[in-house]
Structure formats: structure tokens, C-alpha cells
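Q: I would like a close look at one part of this structure. Please take it slowly, as I am new to this.

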Amino acid sequence: MEHHAAPDLDADAALAALEWLVELGVTEAVGDAPVNSYDLPDTLARMRAAEPAPEPAAQARPAPELAVVRPQREEGPDPVAVARAAAERARSLDDLREAITAYDLCELKKGAKSTVFADGNPKARVMIIGEAPGRDEDVQGKPFVGRAGHLLDKMFAAIGLSRETPDAEGAFYITNVLPWRPPGNRDPEPLEIAQMLPFLRRHVELADPDLIVLMGNAACAAALGQRGILRLRGKWAEAFGRPALPMTHPAYLLRQPHAKREAWADLLALRARLNALAP
Ligand code: URA
């Protein structure tokens, strides 16, 4: 029997890949010959053959809703200008964390327990941008540590990436558009996104990843100025001057498990692009 070697899968990654297949609903092996999921070009070609023709890649353009947003204050400093100046002064990720923690012009800060900055390996080639902390993240002060975060960890482990590893090749770095939990986990408002966007832009510059993953609508609104994640997902775009892949948010995948098949295709596309860019 022909042997297909997986690329440097250690026991944890192999287990995560198996768990992910179980998440996808796989209950048994079918067919006589093994299919290597890491045989990316063939696997993707087969999956794409079954899908409608792709639309052109999303182009980054100024967010319409961000362009018209004006701070609602009659007096006092312009919160977006203050954020921009503070972000531009930051020379390191530690500076940036301090600048965000000191920024008092976003109302969300008042209701949050923690300022949730980032997690993972800042030297990673992949940076994931989510929406905002939920309850668990607010309590623990780290992004993506609740149910959605556990699914996200499993998804990325299945393509050999983890937030724990010190090795930049096998790591990811993760943050959110907003560092404070919106009350009741409501959607971020355009003004909140506009205020925190200068910090996010600087965050990407300082972490300097090769590739960005935009997890869900808020990340696409902030980074691409576009919403409609079900239309955008899986199509490479450009955000903050580098390739960015919109994906459905793991919280959505928990509610809509049938969407995991497309998420797997997106993960494979990410793995393939990383391999193609390998230093
Ligand atoms: N959802 C997000 O987008 N970010 C988190 O940190 C947690 C859940």
C-alpha cells in the first residue's frame, strides 16, 4: 500500500486532526486507498470542483460604515485621532499593550473586567484576528479561551499550528478587533471598531505576520471594510498590506456544524499558502 506521509505531524497534531475529522462527522473510513488530506493541491482541487466558481478576491477598501462614522461627542478630543497618535507612538508590542490599556475613550472599557490584548507566539507567521472578548475571555484576560476558542485551537492544531509552541513555524498569534467585552456579547458598533482600528493596524505592523486570518464579520469589517463573511470566506484578500484569509468564526461553526467542511477547506488553503511562502 502506498504510504502518504503527513508533514511533521507529532502525536498532538495527529490527535487534533483526528478529533477535527470526528467534528466533521466522519464515522468510518471509506474507500480502499487512503486519501492524504495534506496532499493539498489534489485535495483542494477535488473540493473546489464540487463548489461554484470562486468570485474575485475581496479588495481592501475603506469601510463605508467606518468612513462615515464620526465621534458622537460634541466636545473633547476626537477618539479616533487620539487612538491613532497613541498607536503610532508604540515601538513594541509591550508599548502597544500599555497604550491600549491607557486608552480611556472607548465606552466598552468601563464595563469590562480585563483589557484582552493577545495570546500565542508574537513571532508566528500567522496572526488570527477575532471579534471581541466574551465572558470567559473577560474573566481570564486572554482571547479565545471559551468554547469557541477550544474549537479554534483544535482547528489550527489540525494543520500543525498552536498558540503554545515557541517555534514560530508551528505557532499562531491571536488578538481581537476590540480588547474589551461588549455588554451581553452584542455586536461591536462601527464607532467602537473605528476607534480601535489604529491599534489593530499597529498591532499587525509590530507582530509582522506573513499571513492574517480574519475570523468573522467584525474582523472583515475592520480590516477590509466589508461584511458578509459567508460570501467573503475562503477568498484571499489583502489587509494591512499582507495576504488575509476571511474564515467563518468558530462560534458560528458551533451553531452551524455543517459549515465545518468549508472551514476545513479554508484551513487547507491557509496551510498551502504557508507552505508556498516557506522561508
Ligand atoms: N470570540 C472572539 O471573537 N474573540 C474572543 O476572544 C472570544 C470569542
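How many aromatic pairs does a search of the whole structure find?

A: The search of the whole structure finds two aromatic pairs; rings of Phe, Tyr and Trp (its six-membered ring) pair if their centres lie within 6.5 Å. This is a predicted model, in which local features need pLDDT of at least 70, side-chain atom pairs count only at pLDDT 80 or more, and totals for chains, interfaces and linings use all residues. Residues are numbered from 1 along each chain as its sequence is written, and side-chain values use heavy atoms, with hydrogens and water left out.

One of the pairs joins tyrosine 103 and phenylalanine 199, with 5.2 Å from centre to centre and 70 degrees between the planes. That pair is edge-to-face; planes under 30 degrees apart count as stacked, over 60 as edge-to-face and the rest as tilted. Tyrosine 103 is in the loop between α5 (93-102) and α6 (108-111), while phenylalanine 199 belongs to helix α9 (residues 190-207), so the pair ties together parts that are 96 residues apart in sequence. Helices (H or I, at least four residues) are DSSP runs, numbered from the N terminus.

Turning to the ligand, one of its nitrogen atoms is 3.0 Å from a polar backbone atom of alanine 132. A nitrogen atom of the ligand is also 2.8 Å from a side-chain N or O atom of asparagine 176. Histidine 249 has a polar side-chain atom 2.8 Å from a ligand oxygen atom. A polar contact is a pair of N or O atoms within 3.5 Å.

Conventions: A polar contact is a pair of N or O atoms within 3.5 Å; within protein, one must be able to donate a hydrogen and the other to accept it, and residues adjacent in sequence count only if both atoms are side-chain atoms. Helices (H or I, at least four residues) and strands (E, at least two) are DSSP runs, numbered from the N terminus.
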